[in-house]
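Student: I have a model open and some questions about its fold. Can we go through them one by one?

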Amino acid sequence: MTKSELMDKVKGGWAGQTIGCAYGGPTEFRYKETIINSATPIKWDAGQVKWYYDHAPGLYDDVYMDLTFVKVFEEEGLDAPVESFAKAFAFAPYPLWHANQAARYNIYRGVMPPDSGHWLYNHHSDDIDFQIEADYAGIMAPGMVNAATALTDDIGHIMNYGDGWYGGVFVAALYSLAYLSNDINYIVEEAVKTIPAQSRFRRAMEDVIAWHKQYPEDWKIAWVKCLDKHNTDIGCPDGVISPYNIDAVINSAYIAIALLYGEGDFEKTIDIATRCGQDSDCNPASAGGVLGVMMGYKAIPRKFLCSLDSVEDRDFKYTDISLNKVYEMSFGHALQVIEREGGSVDGDKVTIICQKPQPVRFEQGFPGIRPVSKTDYKKAFAKVKPISFEGTGCVAAYKFVKTDETLCPKDDSYTAQVEVWLDGELVETSSIQYNSPYRRPELYSNYFLTKGKHEITFKHLNPIEGLEFQLNYVNVYDSE
């Protein structure tokens, strides 16, 4: 292709992602285990992208998280060490959640990748985090699908493992293959081949493809079947035995549903991705980015593309990078990857050596572990009596609740100290910083208890006025 054609597709990827994010923004996690039905309008206007820039810039974590990694590639080259990506990510000024927050906490205390994303250290390792951050890899590896998935390995294991990593592998493969074809069925079916056949993630994506072939006229049938078969969340403590599901498997399945049933139509695709619910800004962002590459920037419908006119020169919050800057950066990175993988750049002519998808290595988090109960407490630790349970593991979550704004600390100077007693023995004294970006995600976790009855007790050592430290819930697990 020509350089201008390549640039048009690079721009389309970043633009489509940004538009999709803003389109689904008003619905994010408002619809859990439920479809946004056709009677509920999803509003769009030309000022929507700018409104989020001005009023809720955190919505664009889909984009500015990617930009963290793009900037490291720009400054240190294609062979930048994983430590550079990990530190840029962990010490960035933006807030983080779930697998990202767990990884930040791990890196802050010296647990570096790949351990920072491994399920033994990061209980959110199956979550969607890297799925929404892997766009960079596919955009910078046009048509070179195995090069794209290789670019996900080190970075994806900063915060994820197993199915969580596969979410990013799948998205990167979709972007890469979108440079080669306008057949969305081909793109999805080929992208799935990058996932190991024995994985739970691969089975879910293959099911979506099969359901689309069986029920090509109604995406809602595929959605219901997906809910019935693949809505189990083992990892994320918040999503266990709850309608809330931020697991990569179900959310990647919604991307696949949107792409297949959207039939290459940009608006139809991001609308279906949004109406599938759960992480309904991230999923249309990924689907929109893939279609943006496939059709190119100039072919994105003007009703959406015009929303970028006033923001393309504005830096995303927490970064010094705008859309116009990242267009140029990713274009440059793509040329480098093309030449590294055996292609050539000769004047305006770009020759790409395309690749046949190969599966990445197999890994599966939380083997033999199943959640059996979730008990909500939502009260101060001093009011929680010893908790008896039967199983092989438990995870205890906390929350801070302000009871008096005038007495509540305004910074992270307060650190709650909590003793954790298990079966009559002190096993840990947990330190939880209030308002710190580096605080641990959960209070206590252990998946490897002796099978049988146990009792856990918590003692809050240093309560303060104005801020109540609460036990939020306790999940119990057993071996399969």
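**Fold, cores and cysteines**

Tutor: Start with contacts, meaning heavy atoms within 4.5 Å. Among contacts in the protein with a separation of 6 or more, 77% come from residues 24 or more positions apart. This is a predicted model: local features need pLDDT of at least 70, side-chain atom pairs count only at pLDDT 80 or more, and totals for chains, interfaces and linings use all residues. Residues are numbered from 1 along each chain as its sequence is written, and side-chain values use heavy atoms, with hydrogens and water left out.

Student: How many helices and strands does the protein have?

Tutor: Both are DSSP runs numbered from the N terminus: helices are H or I with at least four residues, strands E with at least two. The count is 16 helices and 10 strands.

Student: What is the radius of gyration of the protein?

Tutor: It is taken over C-alpha atoms, and the globule rule is 2.2 Å times the number of residues to the power 0.38. For 480 residues that rule gives 23 Å; the protein comes close to this, so it is as compact as a globular protein of that length. The radius of gyration is 23 Å.

Student: What share of the 480 residues counts as buried?

Tutor: Buried means under 20% relative accessible area, with a 1.4 Å probe and protein chains only. By that cut-off the share is 61%.

Student: Which residues have the most contacts inside the largest nonpolar core?

Tutor: A nonpolar core is a set of buried Ala, Val, Leu, Ile, Met, Phe, Trp, Tyr and Cys residues joined through side-chain atoms within 4.5 Å. The largest has 123 residues. A second, separate core of 26 residues includes F381 and C394. In the largest core, the residues with the most contacts are W14, Y60 and F89.

Student: Which helices do the buried residues of α2 pack against?

Tutor: Helix α2 covers residues 48-55, and its buried residues are Q48, V49, Y52 and Y53. They share one side of α2, because their arc around the axis is only 150° (directions from the helix axis to the C-beta atoms). Their packing partners are α1 (3-24) and α16 (323-340).

Student: How many disulfides are there?

Tutor: The test is a pair of cysteine sulfur atoms within 2.5 Å. C394 is buried, at 0% relative accessibility. Its sulfur lies 16 Å from the closest cysteine sulfur, in C236, which is too far for a bond. The count is 0 disulfides.

Key: Buried means under 20% relative accessible area, exposed over 50%, partly exposed in between (1.4 Å probe, protein chains only).
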